[in-house]
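These are my notebook entries on a two-chain model. I set down what I looked up, entry by entry.

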Amino acid sequence: MLDFNMLLSKKGASALALTELSLKQINVQIANQLNTGLLILNANFDIVIWNRFLQIHADKVVDDIIGQSVFSIFPELPKSWLSRKLNSVLQLNTPSFCSWQQRHHLFELPHTRPITTDSEFMAQNCTFLPIEIDNGKKNICILIEDVTDVCHYQGQLQKALHELEQMSRIDGLTQIYNRKYWQESLDQEYAKAKRHSKSLSLIMLDLDHFKSLNDNYGHQGGDVVLMEVTAQVSKLLRLEDVFGRYGGEEFAIILPETDIAGAVNVANRICKHIANLNFNYQTQRIKVTASLGVAQASDEALSHEELITHADKALYQAKANGRNQVFSVLSNSTVTKN
Amino acid sequence: MKEFHLTEDQQDCLQELINIAMGQASDQLARYLDTFVYLKVPSIESVAAAELIKSLSQQQDTMAIVSQGFFANEGIRGEALLVYQEKDSGRIADLLGYEPGELSQDEQLIDISSILTTTFLNVFAQQIGNQMSYNAPKLLPSVQNNLSQHLQQMTFSWDLALKVNINYQVTDYSFNCNMILLIPGAAILNIKSVLDRILAEF
């Protein structure tokens, strides 16, 4: 509120006819029109006084609360934690704070925008200030700010940011990761594997004769196949595998902590599974096969780009060998040497 | 830039004020926390903002930084940064006298920071016949990326700052943290005139 002594000592005070009484009136009126809760506790944490904001929101009768322990009037308060905090204010003579970001609210008060927010209670920023009244008696002033709006909009913002982040990672058609995010993941997984001396394998997958499939059934037929293949392949993968759309009908899978033998196993399973699938498009039944190239990162200091090149070469070899099959290569030897 | 640098007398005077404040603060903290709190003699230096950002961002093992703004009469203001490392922060709830599970790790860091900052600065303000007010302390999100961003977005702009580095140690709880008080350019001039006044009275 207003500083009596400071104001009364000012030269202009007498000219403005500012008296202690008029300053008191100003303070009382501000305190009762403030959109912030004011609650004064004594050193035993009994309520000394509160302002109109709290009286309205807490919906309690003044006569019943004055002189009562704050913990009996507001039983929702976390007693042992708050007592310790209030003690720090009294003992160290320092202010203390509690933000809605750590605790949504301390006092269970209703808020003024009940429809648009998801919380029942008013989100609060609380400040605990040491004050002295009646000749040095230590008291605590608790300020309770309504930050329901801030909390609400922060929540909306976080949600929107999360959705944006997801959207920027996902391929719109197939709902698996897009090439950009997949490559970032490879970068990270590659570094992780190197750091912890763990194996890491890569599968490149390309649907066979996809162009003629598009020609025969139209692009919508092709899209149905792409969506169904990715959904089916996803089911064959572990949670930690990273499955991305590399280009048109080409896909790539990062297999952390997997050696070449394990990766070839997975690739063979995927290859067989795709060949056995029947796609119903309009009245027609579509069959499709895939070629897969597998490579493993070696101990040698190859970059993750080179790992892609090796998997790509293996994929090319699978195609050259007649499609609908898996070809593997270790990244430290070339395809031709194999 | 030169007008921001402290003279030798001013530097000595500030050092002495801080030493006294540290003694009193450590006494108050020891009573409240019921354990011995050791404050290491601080270093006071002028730092360029860019340098400070660089050195803070480069501290690999920094786990968290809590920031709290402070302001007082005579244009004295600044920001306290409390810098924590993972290994020194395991028993803060214990140190503060809270039950385990009563508060999150974030809240523990914010709470202890606020207590250390306000206790010290209150005593320091008394030394110079002033009274300190504080903003609510804030945990800076994800230290590595956001520290420089945060420092650049601080409410006051500063190229040069007075950096007071104080180390807090509570050996019984293997607690250790660094408090860095940053006082921006314009406020340094105000501190200097306060120091000059004290030196004249002395």
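This is a predicted model: local features need pLDDT of at least 70, side-chain atom pairs count only at pLDDT 80 or more; totals for chains, interfaces and linings use all residues.

I count two residues as in contact if their C-beta atoms, placed from the backbone, lie within 7 Å. Residues are numbered from 1 along each chain as its sequence is written, and chains are lettered from A and ligands numbered from 1 in the order in which they are written.

Entry 1, the interface. I found 19 residues of chain B in contact with 15 residues of chain A. On the chain B side, helix 1 and helix 4 are the elements that give two or more residues; I take helices (H or I, at least four residues) and strands (E, at least two) as DSSP runs, numbered from the N terminus. Helix 4 of chain B supplies the largest share, eight residues.

Buried requires 20 or more other C-beta atoms within 10 Å of a residue's own, C-beta atoms being placed from the backbone (exposed: 12 or fewer; partly exposed: in between). Just after the helix, Asp34(B) takes a positive phi of about 60°.

I define a nonpolar core as a set of buried Ala, Val, Leu, Ile, Met, Phe, Trp, Tyr and Cys residues joined through C-beta atoms within 7 Å. The largest has 61 residues, and Leu109(B) and Phe120(B) are among those touching the most other members. Helix 4 of chain B gives the most to this core, nine residues. Apart from it lies another core of 46 residues, among them Leu202(A) and Val326(A).

I traced five strands in an open, antiparallel sheet, in the order 2-1-5-4-3; two strands pair if DSSP finds at least two bridges between them. Strand 2 (47–50) and strand 3 (96–98) are the edges, each pairing on one side only. Seven bridges join strand 1 (residues 36–42) to strand 5 (residues 137–146), and Gly37(A) stands opposite Ile144(A) of strand 5.
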